[in-house]
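Me: I would like to learn how to read helix packing and strand pairing in a model. Please take me through some cases.

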Amino acid sequence: MSFSLPENDQRGLDQSLWLATAALAPDCPPLVGDARCDVLVVGGGFTGLSTALHLSELGVDVALLEAMEPGFGASGRNGGQVINGLKDGLTGLEERFGAKRVERLHAFADRTADTVFGLIERYGIDCDARRDGWLQCAHSADAARRMAAKAERRAAQGGDVAYLDAAETARATGSEWYMGAFLDRRGGQLQPLSYARGLTRAALGLGARVHGRSPVENLERIAGRWVARTASGSVSADRVVLCTNGYSDLADLVPDVTRTVVPFFSYQVATRPISDNLRRSVLPDGYCVSDTRRLLGYCRFDAHGHFLMGARGYIGGQLVDDAFGLARSRIRQLYPQLADEPLIHFWNGRVAMTPDYFPRLMQPAPGLHAAMGWNGRGVAMTSAMGRVIADWLTGTGDDQLPMPVSPVRPIPLHWLRLVGAWAMAKAMDFRDRLERRQV
């Protein structure tokens, strides 16, 4: 088995705003020779880095192997929005896991932003972090009603949240297109690649061994231990956790695990820094924004005044001009005053989706664990899951974890994922447009 990186993936990072403005990367040399550890983490995104960090805090001897560099994948390319909670649209959880377990799950998920900002403070991570709130803006009247109900429910549970009506949303966003919004004042934003590099530096400081440019080519069980081989070495470990998420198919170390998620590409564009005069009419309160469309859009300013917009692009991840058409059109739709602003950064990244929008903790074999399927809620949820996974790997029982452990169930006809993803995107767009027209 070998790791094969499509050219688009490298170019998708090279052209990103985050690579252009990130903090310096720590030294993570490739693995050379044979090593041993208690726990091996495969994948250097937020999930893997947080897991390695939290294991190191517990005194566990941990090594991490990353195919490229820490933060190379979606973790270093996403919108940098720190959002509490699970993705909306989840149904049937109580029937699957029981009311008490689901209550514990939601209580955990509703505090995940605390973990992010706590880690940033504890380890002095320089990543332009701001905890000034997140807006989920309604694209339709029905979505506005859902946001109002969500705000009422979360406020009753003690959350620092509110519902904004259409007029209040227009004042907060500078756009009259939305029909209402859910405001979570506990959310915020950060520079995602700088955050990934900060987590790496913190883990290294606690003794974790982090190796970049070390794709795992083979993983097998030998004499009761797991052995991961790269082109220039190997690691033998009591336990292994796979944190490869949307990039799992590139190495396909455990095919059944790979087939539990479908990678989608999210595309982003960023302007040059916007003038102060123009900025007063766009997101004047400084919120980061996601909307309720199934083909969602998300936008914000970074610390240097670049305005960035994210949306779906080509299913196959091609980095061509037309692939960024939806992101461009969302800028014109929401902020026509920015329509003539030059776009100077174009990039994409893989988001791992599950059919039910629920993340997956899995144990496909003794001593082999996997965590993936974050469905676009990557920054906060994955950071918090690092501690959960660390507890799981050091003896906490499955029934005591806030996130249930799911059986490994590959998606049927997974090989048709590109066709299925294309059809799903078309259906989502149709339903978004239909809902928009309904009152």
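Reply: Start with a pair of strands: strand 14 (residues 298–301) and strand 15 run antiparallel and are joined by 4 bridges. Keep in mind that the model is predicted.

Me: Which residue stands opposite Leu308 of strand 15?

Reply: Arg300 does.

Me: Is strand 15 buried or exposed?

Reply: A residue is called buried when its relative accessible area is under 20%. In strand 15 (residues 306–312), 7 of the 7 residues are buried, so the strand is largely enclosed by the rest of the structure.

Me: Now helices. At what angle do helix 3 and helix 14 cross, and how close do their axes come?

Reply: Read the distance and the angle together. The axes of helix 3 (residues 46–57) and helix 14 (residues 378–393) come within 7 Å, crossing at roughly 40 degrees. Angles under 35 degrees count as roughly parallel and 65 to 115 as roughly perpendicular. Helix 3 and helix 14 are therefore oblique to each other. The crossing of helix 3 past helix 14 is right-handed.

Me: Which residues make that contact?

Reply: From helix 3, they include Phe46, Ser50, His54 and Leu55. Helix 14 contributes, among them, Val379, Thr382, Arg387, Ile389 and Leu393. Sorted by class, the contact of helix 3 with helix 14 has 6 nonpolar, 8 polar and 1 charged residues.

Me: How does helix 3 cross helix 6?

Reply: Apply the steps again. The axes of helix 3 and helix 6 (residues 112–123) come within 13 Å and cross at roughly 60 degrees. That angle makes helix 3 oblique to helix 6. Here the crossing of helix 3 past helix 6 is left-handed. Leu53, His54 and Glu57 of helix 3 meet Leu119, Arg122 and Tyr123 of helix 6.

Me: What classes do the residues of the contact of helix 3 with helix 6 fall into?

Reply: They divide into 3 nonpolar, 1 polar and 2 charged residues.

Notes. Residues numbered from 1 in each chain as written. Predicted model: local features only at pLDDT ≥ 70, side-chain atom pairs only at ≥ 80, totals over all residues. Heavy atoms only, no water. Axes fitted to C-alpha atoms, helices over the stretch in contact; angles between N-to-C directions. Helix = DSSP H or I, 4+ residues; strand = E, 2+ residues; numbered from the N terminus. Parallel < 35°, antiparallel > 145°, perpendicular 65-115°, else oblique. Left-handed = near helix turned anticlockwise from the far one by under 90°. Contact = heavy atoms within 4.5 Å. Nonpolar A, V, L, I, M, F, W, Y, C, P; charged D, E, K, R; others polar. Buried < 20%, exposed > 50% of the residue type's maximum accessible area, 1.4 Å probe, protein only. Pairing = 2+ DSSP bridges.
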